[in-house]
Amino acid sequence: MSNLLISLFNNPELAKKLSMYDWSKVVSHGRDQNMLGRIWWRLQSNSVEKHVPDRVVPHFTSCNLFVEQQEININRELEDISNTLVSRGIDTTVLKGAAYIAVSSSCKHGRIFNDIDILVDHSEIRDAEIALMTQGWFHKKETDYDKRYFREWMHEIQPLIHKDRLTTIDLHHNILPLTNKKHFNADKLKTIKLKQVPLLTFDLVDRFIHSATHLFTEGEFPHAIRDITDLIILYQELDGEAETESAHNLILERSKALGLDDYIHLALLFVLKNLDKELEHRQVESLVSKNAITFYVTVPAFKFVFTADSIAQGNFINNVGLFWLYMRSHLIKMPLHVLIPHICRKFIHNMKEKFKEEPVNGANK
Amino acid sequence: MKLKDLAKSKLESGKTLKFDVGPFSIAVKSDFPNVYEEIAKIYSEFEVLSDEHFVDFEITLRNSHSLIRKFFRKQCFFQLGDQEPFTPIPANQAFPMFEWGLNWCISSNAHQYLMIHAAVIEKNGVCVVLPAPPGSGKSTLTALLVFSGWRLLSDELTLIETSSGLIQPLARPINLKNQSISVIKQAFPNVAHSNIVKDTHKGDVCLFKAPDASVANIDRKSKATHIILPKFSKNEALSTDPMSQDSAFFELIANSFNYNILGLSGFNTLTEFIDGTSSFNLRYGDNKAALEWFEALTL
Amino acid sequence: MLKFRSNTVTRTHEGHGTYIYNIKLSETLFIPIDVETFFTALSSGVENKSELTEVIVKDLDCSEEHAMLAVDNTLNSLQQRALIES
């Protein structure tokens, strides 16, 4: 894997050999990919941060300040969420970034994220929504179509934003959209209790499964490198904790039980390649190669996403691959008879917006 | 070598300009020739960097990808690396967009500084910070003072080094709008400035080049001595109103970009910074009177 | 027991007052009392209000009434921002 960030992540000793020009690229791509904090953590954990030129260090330490403050903010938010929901008897599971902070996973180091992801039972989603609204979280203005899209088909409702603190909650009732044919009830996922607040989170195996499912059903990749390194770290954490069976076997078994092989095998393919686990990699490769489209189209497309320094600078074939992943993600999320009207509707909406006066004030997006 | 010494061939569309802006090394590339012209004029005294030099911010000001938009109602897109943080604006506003964009790059990333939305100037050891919301006349006042002999540290971004509490200069151009442009042009006809860009979301905009002496002293950090909140009100007599230290403290927080992100370090830096400063509300209606008042501070 | 909530930091500027910051709550506050010993007492904790009043009377050489008013106002402000341990 040739991406500069991945190379530095997998082999921190590389820091001793980088030129100032290389460091410019590390900073620029690292910033784009939200990887600056993670790279710095990696360098510090391997005691090579002193090889980072003084000129470059402020970019890493600045990011760190942000991450430290984020942790303080998230812990406060989780307490507030727990007081709001758990007190009303709504079991709440914390997911992704907020969960990594709550369990002090190695994944939390240097990781910046925008929203707090939580999951409640489908039957309780309306109650949870109302409870949060009483505590100051509100939806942005939404169209009727958006409402239906999210509530009927997706696995989450629209984001809730706190009126004063401006933090955002993504309230899920599942990890897969209702329209995904692999959809299953979220209570099949294994949870553990958090220590400091009465909230739940996924156990180590399902934490990997969730993150992998998310990444390998995505259609756009604003921070693919950050996401794949999430998986690498989660895999290593599981491997470190697993007592009787290897992480590899645990994940494969669980993937089969949940019917998520299509996504998890892909995830393992890339994670094992990065960790140089040749034997396991070959095993997964033979599983993945059973499907021609997956092996000859999807895998190379993902390979480009995880190895390019910048996916904006790909060639024609790369762009076709990216387009395939975009379409694949839509096909996964919903069957054709729902997808086609949805795409048509979105197209018409976008055309209408284009013919209106285009934003010409350089406003922040 | 300074930007003014660069060969004309290096100042063409598509070429990358690399130069230091105080503590930041930036690389700029554009599809628009006027961006190069304006940078060469306004940043003429800034040091050029070699190709291998480290870059803090890789900036691109590009044309639209759409074929029609490349020629009809041209737009300018601002990019930092691969990120596009803003919606596009008309292409004739590319140079102001560079300035606003660079402000954003610094204020969003440079957390080795506590950053305040304020102007800062210095003369004879008197270092004045002027926090001010839009419409207070801060930039016009800053321009008057700077072109009358005060050193410009910054017009928009006051950078307070968290390690030392000192202010780091940037000596970037002063951003003036609407009537202020003609006021300053008339008062100082020899000062270099960019073309006047009309009809931006702020009205007419013009960027006035910092004095050479301010750029030459870009590495001279200063300790703040005064915090002044100016308010221009036409024909009003000059009056000052001392502010309590804590009022000034919270005013700085209100105008800060990153006090909340810095947490304890922000608190420590700002409490250290405010110690020993004097603060005033300044109401004035006549520029000459204001200038005299400031001069009196330096005696 | 009257004590600052943990992770509270103070900075006293003579002639002005004391700036207070709590790391966990990200709260910034100013109290117009420049008696450093008053705040160190609160950091380590005191049994009751009169201990605090004593510190003020001693340092500012003012009446007990004035000191009590200052102490009450301060404790109110701090309690409103959840900066006193409960």
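Chain B is divided into domain 1 (1–109) and domain 2 (113–299), with bounds that come from an automatic or database domain assignment. This is a predicted model, in which local features need pLDDT of at least 70 and side-chain atom pairs count only at pLDDT 80 or more, while totals for chains, interfaces and linings use all residues. Residues are numbered from 1 along each chain as its sequence is written, and chains are lettered from A and ligands numbered from 1 in the order in which they are written.

The C-alpha centres of the two domains lie 25 Å apart, and 16 residues of domain 1 of chain B are in contact with 21 residues of domain 2 of chain B (contact: C-beta atoms, placed from the backbone, within 7 Å). On the side of domain 1 that touches domain 2, the elements giving two or more residues are α1 (33–42) and α2 (94–109) of chain B, helices (H or I, at least four residues) and strands (E, at least two) being DSSP runs numbered from the N terminus. The largest share of that side, 6 residues, comes from α2(B).

An open sheet of 3 strands has the order β11-β13-β12 (chain B), with antiparallel pairing (two strands pair if DSSP finds at least two bridges between them). Because β11 (174–177) and β12 (197–200) of chain B stand at the edges, each with a single partner strand, one side of each is left without a neighbour in the sheet. Val197(B) stands opposite Val205(B) in β13(B). α2(B) packs on this sheet, touching β11, β12 and β13 of chain B, and its direction makes about 70° with that of β13(B) (axes are lines fitted to C-alpha atoms, for helices over the stretch in contact, and angles run from 0 to 180 degrees between N-to-C directions).

Methods
Two residues are in contact if their C-beta atoms, placed from the backbone, lie within 7 Å.
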